[in-house]
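Open the structure in your viewer and keep the selection tool at hand. The stops below go from the whole chain to single elements.

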Amino acid sequence: MFTPVTDRVVVVTGASRGIGLGIARVFAASGARLVITGRDAGRLEEAADELRALDAQVEAVVADVARPEDCQHMADRAVQRFGGIDVLCANAGIYPQAAVATMTPDELVETMTTNLGGTVWSLQACLPALVASGHGRVVVVSSITGTLTGLPRFAHYGASKAAQVGFVRTAAVELAPHAVTVNAVLPGNIATEGLAGLGPEYLSQMTAAIPMGRLGAVEDIGHAVLFLATDEARFITGQTLVVDGGQVLPEAGAGAQG
Ligand SMILES: NC(=O)c1ccc[n+]([C@@H]2O[C@H](COP(=O)([O-])OP(=O)(O)OC[C@H]3O[C@@H](n4cnc5c(N)ncnc54)[C@H](OP(=O)(O)O)[C@@H]3O)[C@@H](O)[C@H]2O)c1
């Protein structure tokens with residue numbers, strides 16, 4: 001039996017849609033208080049209303065995680081509204097496509113600044129409150145791409161996701177004396193608005209490659225994050241948890257479906 005996360009203050013970046021909103025829904029249903037962020041104010045407010053309809057207390061903060069000052073604003077608002085922060089889920093991320101041969105400096109910088117920079121700045125801003133809680137939890141949403149697999153046209157993205165895991169491992173060591181755990185979940189292909197943008201052909205190819213025969217649901221990631229945020233996960237730090245329906249497992253040529 002896990003101790004409930006009722007009233008824990010949970011910051012989820014990039015929670016106006018997709019995996020972030022799925023994570024926020026799972027915590028809302030578990031009685032947590034939520035701080036959600038995104039750049040588009042209208043979409044963020046719609047997400048906040050959806051979560052409030054689940055009876056959750058929600059603070060919606062427009063913030064670009066690539067900007068350290070926005071992350072500080074997000075953490076300050078969390079502390080002002082709820083008195084502290086127990087959990088940070090660094091989820092916000094982008095996955096634009098670019099071929100290795102033609103990738104531009106701007107494409108590389110934007111992806112690294114959002115995915116790696118956003119993880120670093122959001123953790124840095126929330127850190128004093130996480131330490132003060134006495135049981136701080138950080139869960140970074142990385143990916144199987146770059147950490148375990150290679151995906152053509154996503155080399156810069158894969159590099160940013162592998163960099164997140166490198167950051168997680170060192171941050172875990174640095175923050176362990178403060179009882180703050182730092183872990184990463186590595187989603188496979190999860191049905192989100194962002195993934196749908198990659199087109200129907202990509203989606204059907206990816207579905208066929210998953211032994212469980214379906215794309216992941218956003219709540220599949222939410223439940224993994226919830227586990228890592230529980231009191232009972234307090235001795236797990238610096239680890240990666242793959243949530244992919246078995247996508248990375250099949251041996252070459254064996255086929256994904258048994
Ligand atoms: N979907 C998958 O199959 C999959 C697989 C592996 C890993 N992931 C990872 O999961 C995370 C979420 O992916 P998703 O598929 O849910 O994406 P999505 O549907 O495109 O949603 C992304 C969310 O992040 C926000 N966001 C993007 N850039 C931001 C920034 N600079 N500052 C603040 N918020 C920002 C977006 O809101 P605004 O645009 O309004 O800012 C939106 O709320 C990403 O880190 C991604 O790498 C996804």
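Predicted model: local features only at pLDDT ≥ 70, side-chain atom pairs only at ≥ 80, totals over all residues.

Residues are numbered from 1 along each chain as its sequence is written.

**Whole protein**

Select everything and colour by secondary structure. The protein has eight helices and seven strands; these are DSSP runs numbered from the N terminus, with helices being H or I of at least four residues and strands E of at least two. Its radius of gyration is 17 Å, close to the 18 Å from the globule rule for 258 residues, so the protein is as compact as a globular protein of that length. That radius is taken over C-alpha atoms, and the rule is 2.2 Å times the number of residues to the power 0.38. Along the principal axes, the C-alpha atoms fill a box of roughly 50 × 45 × 40 Å.

Of the 258 residues, 47% are buried, meaning that 20 or more other C-beta atoms, placed from the backbone, lie within 10 Å of the residue's own.

**Helix α8**

Next select residues 218-229, which form helix α8. Its 12 residues reach 17 Å from first C-alpha to last, close to the expected 16 Å at 1.5 Å a residue; the expected span is 1.5 Å times one less than the number of residues. Nine of the 12 residues in α8 are buried, among them V218, D220 and I221. Now show what covers the buried residues of α8: this includes α1, β4 (87-90), β5 (137-141), β6 (181-187) and β7 (240-243).

**Helix α1**

Which residues of α1 are buried? Select G18, I19, G20, L21, G22, I23, A24, R25, V26, F27 and A28 to see them. After α1 comes G31, with a positive phi near 90°.

**Around the ligand**

Finally, select the ligand and the 32 residues around it, of which G14, G18, R39, G93 and G194 come nearest. Here a residue is near if its C-beta atom, placed from the backbone, lies within 6 Å. The elements giving two or more residues to this shell are α1 (18-29), β2 (33-38), α4 (105-133) and α6 (193-196).

How values were computed:
Contact = placed C-beta atoms within 7 Å.
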